[in-house]
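Let's take a friendly walk through a protein and the molecules it holds. Have the viewer ready and follow along.

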Amino acid sequence: MASLQLHSLPPLSSPLRQHRRLSKHNPTRCSINRQALFSRIAPVYDNLNDLLSLGHHRVWKRMAVSWSGAKEGDSVLDVCCGSGDLAFLLSERVGLDGQIIGLDFAKEQLLVAQSRQHLRSKACYKNIKWIEGNALCLPFPDSYFDAITIGYGLRNVVDIPKAMEEMCRVLKPGSVLSVLDFNKSSEPLTSLLQEWMIDNVVVPVASSYGLESEYKYLKSSIKEFRTGKELEKVALEAGFCSATHYEIGGGLMGNLVAMR
Ligand SMILES: C/C(=C\Cc1cc(O)c2ccccc2c1O)CCC[C@H](C)CCC[C@H](C)CCCC(C)C
Ligand SMILES: C[S@@+](CC[C@H](N)C(=O)[O-])C[C@H]1O[C@@H](n2cnc3c(N)ncnc32)[C@H](O)[C@@H]1O
């Protein structure tokens with residue numbers, strides 16, 4: 001049965017706390033801004049991903065799901081699920097005996113995910129539940145999931161090590177976390193190409209939808225992100241026993257595979 005459970009988001013959703021914490025460089029304020037940004041882009045997010053990546057994002061998402069090792073009957077968590085692309089792919093892998101949970105803090109993204117679920121006819125999609133929650137405080141017990149994916153999400157959380165620790169905590173020992181995201185390349189040419197594409201293709205296209213600043217954020221978020229080697233280190237420090245980062249999409253994207 002499809003469900004959108006409205007988990008309370010402790011510090012983010014209280015206006016009083018929001019007001020008290022509105023100082024410069026405040027992670028809570030930053031997180032609220034990002035939550036609002038992803039809610040604003042929700043209506044066009046899927047179409048723009050298809051358009052801007054010329055459909056390639058679907059291939060990268062399939063690779064991320066494959067790397068997660070998810071199999072028939074598994075319980076899998078898709079953190080920062082957005083409109084649900086990875087959750088739908090995972091759902092096909094685990095089948096009706098499995099269970100997928102898609103978690104995100106932007107309600108509008110989850111509503112898009114839920115309506116896509118209703119429009120799709122495959123029986124397996126009934127195994128997906130959507131939960132409104134925070135990647136920094138996952139509402140699940142320790143050692144609960146057989147696999148976890150996070151696609152284009154880790155770069156957007158305000159505390160990457162904390163999110164890694166949380167995902168490690170709720171993953172069963174021996175299970176895998178698969179992290180798909182833009183690659184913060186150490187190759188100057190790749191970074192230049194990435195920046196050129198964002199400045200000259202992504203932002204102008206997004207501007208025509210009235211979303212210029214939302215997509216300008218993409219460039220700074222990649223700059224402030226971690227390189228593949230740094231991500232491997234964060235994963236090991238968070239408690240994973242192995243971590244390998246693979247460059248994909250000509251080095252524009254990356255996928256970290258970490259085993260608990
Ligand atoms: C998958 C894409 C975007 C996801 C995305 C992630 C975010 O963190 C956001 C934050 C704020 C707003 C929006 C987003 C967001 O949409 C689309 C990526 C497009 C890229 C610019 C890549 C372009 C790739 C080429 C067209 C194909 C390259 C082929 C390759 C050489 C094999
Ligand atoms: C770029 S979208 C990726 C969506 C989807 N995974 C995909 O690959 O298309 C990033 C998502 O991360 C979510 N997000 C960012 N920080 C979060 C947090 N702390 N907790 C939960 N979701 C978060 C946003 O709401 C947004 O839906």
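## Polar contacts of ligand 2

In this predicted model, the side chain of Lys61 places an N or O atom 3.0 Å from an oxygen atom of ligand 2. Backbone atoms take part as well: a polar one of Gly151 is 2.8 Å from a nitrogen atom of ligand 2, and a polar one of Phe105 is 3.2 Å from a nitrogen atom of that ligand. How much of ligand 2 does the protein cover? On its own, ligand 2 has 600 Å² of accessible area, and the protein covers 98% of it.

Ligand 2 sits in the largest pocket.

## Ligand 1 and its contacts

Now turn to ligand 1, which also has its place in the largest pocket. Around ligand 1 there are 22 residues, with Asn49, Arg155, Asn156, Tyr215 and Leu218 the closest.

An N or O atom in the side chain of Arg155 is 2.7 Å from an oxygen atom of ligand 1. Asn49 has a polar side-chain atom 3.0 Å from an oxygen atom of the ligand, and for Asn156 the distance from such an atom to a ligand oxygen is 3.1 Å. Taken alone, ligand 1 exposes 780 Å², of which the protein buries 86%.

## Who builds the shell of ligand 1?

Which helix gives the largest share of this shell? That is H2, with 7 residues. H2, H3, H7 (188-207) and H8 (212-223) each supply at least two residues. By type, the shell around ligand 1 has 14 nonpolar, 6 polar and 2 charged residues.

## Two residues with positive phi

Most residues other than glycine have a negative phi. Leu54 is not a glycine, yet its phi is positive, near 50 degrees. You can find Leu54 in the loop between helix H2 (27-53) and helix H3 (56-68). Is Leu54 buried or exposed? Leu54 counts as exposed because its relative accessibility is 70%, above the 50% cut-off.

Ser143 is another non-glycine residue with a positive phi, about 50 degrees. Look for Ser143 in the loop between strand S4 (128-132) and strand S5 (145-151). With a relative accessible area of 31%, Ser143 is partly exposed.

Methods: Residues are numbered from 1 along each chain as its sequence is written. Chains are lettered from A and ligands numbered from 1 in the order in which they are written. This is a predicted model: local features need pLDDT of at least 70, side-chain atom pairs count only at pLDDT 80 or more; totals for chains, interfaces and linings use all residues. Side-chain values use heavy atoms; hydrogens and water are left out. Helices (H or I, at least four residues) and strands (E, at least two) are DSSP runs, numbered from the N terminus. Buried means under 20% relative accessible area, exposed over 50%, partly exposed in between (1.4 Å probe, protein chains only). A residue is near a molecule or strand if one of its heavy atoms lies within 4 Å of it. A polar contact is a pair of N or O atoms within 3.5 Å; within protein, one must be able to donate a hydrogen and the other to accept it, and residues adjacent in sequence count only if both atoms are side-chain atoms. Accessible areas come from the Shrake-Rupley method with a 1.4 Å probe; for residues, only the protein chains shown count as cover. On a 1 Å grid over the protein atoms alone, a cavity is a set of points where a 1.4 Å probe fits but cannot get out, and a pocket is an open set with protein on both sides within 12 Å along at least five of seven lines; lining residues have an atom within 4 Å of a point. A molecule sits in a cavity or pocket if more than half of its atoms lie within 2 Å of its grid points. Ala, Val, Leu, Ile, Met, Phe, Trp, Tyr, Cys and Pro count as nonpolar, Asp, Glu, Lys and Arg as charged, and the others, Gly among them, as polar.
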